[in-house]
Amino acid sequence: MSPTLEVPVNSIYMTLLFVLLLSLINLGSTVAFMQVISLGVAAMLTSYLISIGCVTLKRIRGEPLLPSKFDLGRFGLAINIIAALFLLICWIFTFFPVAPHPTVADMNWASLGYGTVIIFALVYYVVRARHVYRGPVEYVRKIWRAIERIQLGCAREASFAGSMW
């Protein structure tokens, strides 16, 4: 964090370097560059679909949403469903080739890359992650237990010190 600019300068430099390296792909092959861009768009749309899907599910179940500064009001569920449907259509089209009747070189191979990542993630989850992963609720509980032990220890020291005088 830069004390004068108040921004994470190291993160900005790493992002700039990453973007510059990705841009160099375009010099070698425009097809490869389009695959990287298509895969990035598909991944971004997936994250939006997951987020909107979770909010939509909470609205359908009637569960309360976390308090926020922005609220869609009574039209929230309809807006969420329309947004999810729109994103789903866009997501499907990110895997289409740019033009009809593509050659092997012009084919959009993003679906292969996306599918490979999903398969590896699912296998990793089944084999290891589901046995090791502890969600944020468990993490917060662990922190609260540690804070309570510290407070209890401080209270014991205070009562012990008071009994000495």
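Among contacts in the protein (heavy atoms within 4.5 Å) between residues at least 6 apart in sequence, 51% join residues at least 24 apart. The protein is a predicted model, in which local features need pLDDT of at least 70 and side-chain atom pairs count only at pLDDT 80 or more, while totals for chains, interfaces and linings use all residues. Residues are numbered from 1 along each chain as its sequence is written, and side-chain values use heavy atoms, with hydrogens and water left out.

**Overall build**

- The protein has five helices and zero strands, where helices (H or I, at least four residues) and strands (E, at least two) are DSSP runs numbered from the N terminus, and the pattern read along the sequence is α-α-α-α-α.
- The radius of gyration of the protein, taken over C-alpha atoms, is 25 Å, whereas a compact globule of 165 residues would have a value near 15 Å, by a rule of 2.2 Å times the number of residues to the power 0.38.
- Taken along the principal axes, the box that the C-alpha atoms of the protein fill is roughly 90 × 45 × 45 Å.

**Surface and charge**

- Of the 165 residues of the protein, 11% count as buried, a word that stands for under 20% relative accessible area, with exposed meaning over 50% and partly exposed in between (1.4 Å probe, protein chains only).
- The protein carries 13 positive and 7 negative side chains, and the centres of the two sets lie 8 Å apart; Lys and Arg count as positive and Asp and Glu as negative, without His and the chain ends, and the place of a charge is taken as NZ of Lys, CZ of Arg, CG of Asp or CD of Glu.

**Two buried threonines**

- T46 lies in helix α2, which covers residues 30-61, and T46 counts as buried because its relative accessible area is 18%.
- The side chain of T46 reaches the backbone oxygen of A42 at 2.7 Å, and, not counting residues up to four places away in sequence, T46 touches W91 and Y114.
- T94 lies in the loop between α3 (76-93) and α4 (110-132), and T94 is buried because its relative accessibility is 13%.
- Leaving aside residues up to four places away in sequence, T94 touches S38, V41, A42, L45 and N108.

**Other positions in the α3 to α4 loop**

- A105 lies in the loop between α3 and α4, and A105 counts as partly exposed because its relative accessible area is 49%.
- Although A105 and V31 are 74 residues apart in sequence, they are 7.2 Å apart in space, C-alpha to C-alpha.
- H101 also has its place in the loop between α3 and α4, and H101 counts as exposed because its relative accessible area is 80%.
- Phi of H101 is near 55°, a positive value in a residue other than glycine. Most residues other than glycine have a negative phi.

**A position in helix α4**

- V117 is placed in helix α4 and counts as exposed because its relative accessibility is 54%.
- V117 and I92 are 25 residues apart in sequence and 17 Å apart in space, C-alpha to C-alpha.

Methods: Polar contact = N/O pair within 3.5 Å; in protein donor to acceptor, adjacent residues only side chain to side chain.
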